[in-house]
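Here is a short briefing to read alongside the model. Keep the viewer open and follow the residues as they come up.

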Amino acid sequence: MTTSPSSTPTTPRRSRARGRSRRRILPRPRVMLGTLLIGFFVAVLVVQAYINAEFKSDHVETEVGDQSGVPLAIRGGGPIINTTGGQESTTRLPDRTIALTFDDGPDPEWTPKILKVLKDNDAHGTFFVVGSQVARHPELARQIVDGGNELGVHTFTHPNMQRLAPWRRELELSQTQVAIARATGVKTNLARFPYSSKNAAIDDVNWNLVKEAGRHGYLVVVNDLDSEDWQRPGARKIVESSTPAGDSSAIVLFHDAGGERSQTVQALAEFIPKMKARGYRFTTVTEGLNLSIAEQAAQTGPDRAESAEAITALPLNPDAPQHDEWRGLALIWTVRLADGLVLLVASLFVIVGALTIGRTGLLLLLATRHARQRRKPNWRWGPPVTEPVSVIVPAYNEKEGIEAAVRSLATGDYPEIEVVVVDDGSTDGTADLVERMGLPNVRVVRVPNGGKPNALNTGVALARHDLIVTVDGDTIFEDDSIRRLVQPFADPSVGAVAGNVKVGNRSSMVATWQHIEYVIGFNLDRRLYEVMNCMPTVPGAIGAFRREALAQVGGVSDETLAEDTDVTMALCRAGWRVVYEENAKAWTEAPTTLEQLYRQRYRWSYGTMQAMWKHRRSILESGASGRFGRVGLPFLALFGVALPMLAPVVDIMLIYGLVFWELSETLVAWVGMLALQMFTAAVAFRFDKESLKPLLKLPLQQFAYRQLMYLVLLQSATTALTGGRLRWHKLNRAGLVARTPAADPIGPSGNVAPAVDSWPPVQHHFTPAPRTPTGRAVAPPAVPTQSMPAYEYYPDELPYAGSPPAGSSRLDQSR
């Protein structure tokens with residue numbers, strides 16, 4: 001049987017496609033969810049900017065232009081302009097008639113006060129409202145109508161209509177109309193454009209707008225007199241500007257929003273009684289228009305009759321169509337949603353700012369105190385510790401770096417070191433490489449793949465000594481790291497020691513960002529946690545434990561994916577001190593791709609949330625456990641989970657501010673926050689005696705690295721809340737490249753790890769001999785289970801930590 005040529009490459013192509021799919025940073029559904037969330041927030045911000053009139057180019061007042069196309073009858077006519085049905089006419093109010101008009105409202109503070117003045121003086125007015133304000137305060141619009149007043153359209157966002165496209169101008173009118181319909185159940189036939197004034201100021205551009213409004217069925221209302229209350233010249237001046245000459249009529253312009261309007265309220269209280277005493281009546285614009293129509297109809301003469309026929313009487317506050325009310329409902333809820341979400345984001349922004357500043361202040365205070373204490377000439381933990389040490393190295397497929405790691409451990413300057421390499425079912429010959437090294441103080445234990453906690457517990461059970469150091473298989477120690485790491489055990493209350501983890505590969509931008517994060521976020525934080533006596537994590541890359549302490553808490557649990565955090569919290573609850581030794585340094589290989597980094601941090605953050613949930617009962621307990629529960633857990637939840645998850649609002653407000661707010665003010669705020677971060681980073685780097693040069697890349701970290709961490713935390717929280725399962729993914733290792741003694745502190749390759757004399761770590765022609773694991777350690781484990789006699793925990797209530805492969809144990813082999 002033969003295979004056709006066309007079918008031959010099908011399988012490889014599909015395999016490559018599947019490989020590419022597996023290499024995605026995020027699966028497609030998560031990308032889609034993230035895209036939808038981003039799109040939703042962008043839409044909300046645009047809507048908010050629109051209803052808040054943040055498009056500043058729309059709000060520039062223009063000068064009067066050419067008027068040659070405006071009929072003289074319009075420029076010298078009355079303030080009510082009718083261009084409906086192709087007409088071109090104007091109307092004045094009857095003599096001794098005043099229509100009070102109010103622009104820019106409704107306003108929750110000043111509109112009710114003006115309505116009260118009108119009611120107290122038995123007068124009515126016409127309120128030309130802004131649609132977005134009606135959507136925000138529909139009850140005020142209803143109060144205006146219920147008081148016998150009327151509404152007019154003053155656009156939706158108060159733009160200069162001359163600067164808008166025709167579709168936008170129509171939208172400004174229609175949206176205000178439907179907002180009024182939903183708020184009051186009525187509609188209006190009146191419109192007034194922002195920045196308009198009197199008939200004499202109408203130029204050719206404005207005249208086209210007036211005619212366009214007429215085609216939509218609106219009468220355009222300008223004014224006879226401007227009270228100039230917007231200038232706040234004083235109540236007396238406002239009254240003078242509003243008073244018509246002789247017995248003439250007037251449509252007078254006031255404002256019930258747009259600023260402080262106490263002078264307007266005071267002036268109205270004086271103006272209305274004064275004009276009534278002169279025999280004036282106060283009407284709405286529509287009532288005054290109808291009075292003019294009635295007067296024209298009562299007069300004789302063909303010219304008057306023709307004018308009377310031009311305008312028919314209009315109803316006051318006619319009922320709105322039902323479909324406008326439904327459209328208004330959708331509009332009002334859209335405005336409320338946008339306002340609510342932006343208010344929420346703004347509130348969170350304030351909270352994040354306060355938490356960030358508070359955390360930074362606390363961090364600098366306590367971390368500085370810790371650093372000063374350690375650097376005193378007479379500082380000692382106690383008598384020198386020289387007891388023998390057992391180093392446990394759990395290893396799964398670590399051929400790239402295991403030789404360098406083991407040699408750096410076995411050849412340290414400490415008096416007696418035992419290295420126990422627990423090969424956790426490796427398939428790449430890791431154990432063979434270690435055995436071939438032939439180091440006398442190194443033992444290799446092979447066990448079937450059972451996960452890192454099982455490998456650690458097996459190593460502890462087989463270790464000969466009571467001081468236990470745990471190390472990852474890709475980590476290189478300095479000569480004095482073990483000696484420095486165990487010195488805190490001179491204090492009998494110390495149960496565990498966290499070392500100083502350094503990024504050994506800094507050639508890529510991603511690795512450099514992690515180096516910055518390690519120095520600031522991990523090592524500086526550990527100083528703070530030690531002072532507060534609530535250290536949450538002894539890192540798996542470099543940590544030391546008393547065997548007694550591990551036995552008391554039941555060893556290393558496999559119930560979370562952050563076994564180092566879990567066991568550290570258990571030690572704190574049991575009353576042991578957990579301290580930080582900054583001079584004990586371990587160099588680890590950080591992920592160099594975003595995908596690998598994402599997988600690592602996803603596991604870390606999810607495992608930390610599991611550990612916090614597991615130890616939540618400590619909040620209600622007494623003694624050391626209760627202290628950790630009421631100090632350490634809330635602190636970690638607030639600054640380790642809540643604050644990073646809320647941090648995206650800083651980016652959201654930055655983008656919003658750059659686009660819609662004052663550019664200079666937004667940049668000043670952002671630069672201020674960056675300066676605070678830079679200062680904190682500089683302090684942390686100084687404490688760790690690191691070069692400040694990598695901090696030049698810190699600003700770029702704000703635009704890529706942080707956003708990836710947002711996604712990590714969001715997905716971790718979602719996984720935790722939904723009870724999802726997460727496997728322990730094995731990271732791809734390349735091995736740290738040694739630097740030569742003559743090289744710079746940071747060599748050309750970006751390496752800073754100490755040199756080890758077994759480079760390169762792997763000979764590529766080496767083929768591991770076939771070996772069969774002999775099973776788990778036969779020695780009785782000293783810490784077989786995690787039973788906590790001092791307090792109670794509830795493993796059944798924890799999210800499951802792994803998806804077991806067929807025929808294997810809890811944690812997947814892809815660790």
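Ala-717 is buried, with a relative accessible area of 13%; buried means under 20% relative accessible area, exposed over 50%, and partly exposed in between, with a 1.4 Å probe and protein chains only. You will find Ala-717 in helix 26, residues 705-722. This is a predicted model, in which local features need pLDDT of at least 70 and side-chain atom pairs count only at pLDDT 80 or more, while totals for chains, interfaces and linings use all residues. Residues are numbered from 1 along each chain as its sequence is written, and side-chain values use heavy atoms, with hydrogens and water left out.

**Around Ala-717**

- Not counting residues up to four places away in sequence, Ala-717 touches Met-609 and Met-645, where contact means heavy atoms within 4.5 Å.
- Ala-717 and Met-609 are 108 residues apart in sequence, and their C-alpha atoms are 7.8 Å apart in space.

**The chain as a whole**

- The protein chain has 26 helices and 18 strands; these are DSSP runs numbered from the N terminus, with helices being H or I of at least four residues and strands E of at least two.
- Of its 815 residues, 54% count as buried.
- Taking contacts between residues at least 6 apart in sequence, 82% join residues at least 24 apart.
- The chain has an accessible surface of about 36000 Å², and 57% of that belongs to carbon and sulfur atoms; such areas come from the Shrake-Rupley method with a 1.4 Å probe, and for residues only the protein chains shown count as cover.

**Nonpolar cores**

- A nonpolar core is a set of buried Ala, Val, Leu, Ile, Met, Phe, Trp, Tyr and Cys residues joined through side-chain atoms within 4.5 Å.
- In soluble globular proteins, nonpolar side chains tend to be buried together.
- The largest nonpolar core here has 69 residues, and Ile-392, Phe-545, Met-569, Leu-571 and Val-578 touch the most other members.
- Helix 13 gives this core its largest share, 9 residues.
- Apart from this core lies another, of 63 residues, with Val-129, Ala-267, Ile-332 and Val-335 among them.
- Leu-571 touches Ala-496, Phe-545, Ala-549, Leu-550, Val-553, Trp-576 and Val-578, leaving out residues up to four places away in sequence.

**Helix 7 against helix 13**

- Helix 7 (residues 166-184) packs on helix 13 (residues 322-374) at an angle of about 100 degrees, with the axes 7 Å apart; axes are lines fitted to C-alpha atoms, for helices over the stretch in contact, and angles run from 0 to 180 degrees between N-to-C directions.
- The two helices are therefore roughly perpendicular: angles of 65 to 115 degrees count that way, those under 35 as roughly parallel, those over 145 as roughly antiparallel and the rest as oblique.
- The residues of this contact divide into 7 nonpolar, 4 polar and 4 charged; Ala, Val, Leu, Ile, Met, Phe, Trp, Tyr, Cys and Pro count as nonpolar, Asp, Glu, Lys and Arg as charged, and the others, Gly among them, as polar.
- From helix 7, the contact includes Gln-175, Val-178 and Arg-182, and from helix 13 it includes Asp-324, Leu-329 and Ile-332.

- Val-393 is found in strand 11, residues 389-395, and counts as buried at 0% relative accessibility.
- Beyond neighbours within four places in sequence, the contacts of Val-393 include Ile-402, Leu-409, Val-421 and Asp-472.
- Thr-565, in helix 20 (residues 563-573), is buried with a relative accessible area of 3%.
- Pro-536, Thr-537, Thr-608 and Ala-611 are touched by Thr-565, not counting residues up to four places away in sequence.
- Ile-520 sits in helix 18, residues 509-532, and counts as buried at 19% relative accessibility.
- Ile-520 and Asp-688 are 168 residues apart in sequence and 9.6 Å apart in space, C-alpha to C-alpha.

**Backbone spots to check**

- Most residues other than glycine have a negative phi, and most peptide bonds are trans.
- The peptide bond from Gly-105 to Pro-106 is cis, with omega near 0 degrees.
- Pro-106 is in the loop between strand 3 (97-103) and helix 4 (110-120), and Asp-104 lies in the loop between strand 3 and helix 4.
- Asp-104 is not a glycine, yet has a positive phi of about 85 degrees.
- His-158 has a positive phi near 60 degrees and lies in the loop between strand 5 (150-153) and helix 7.
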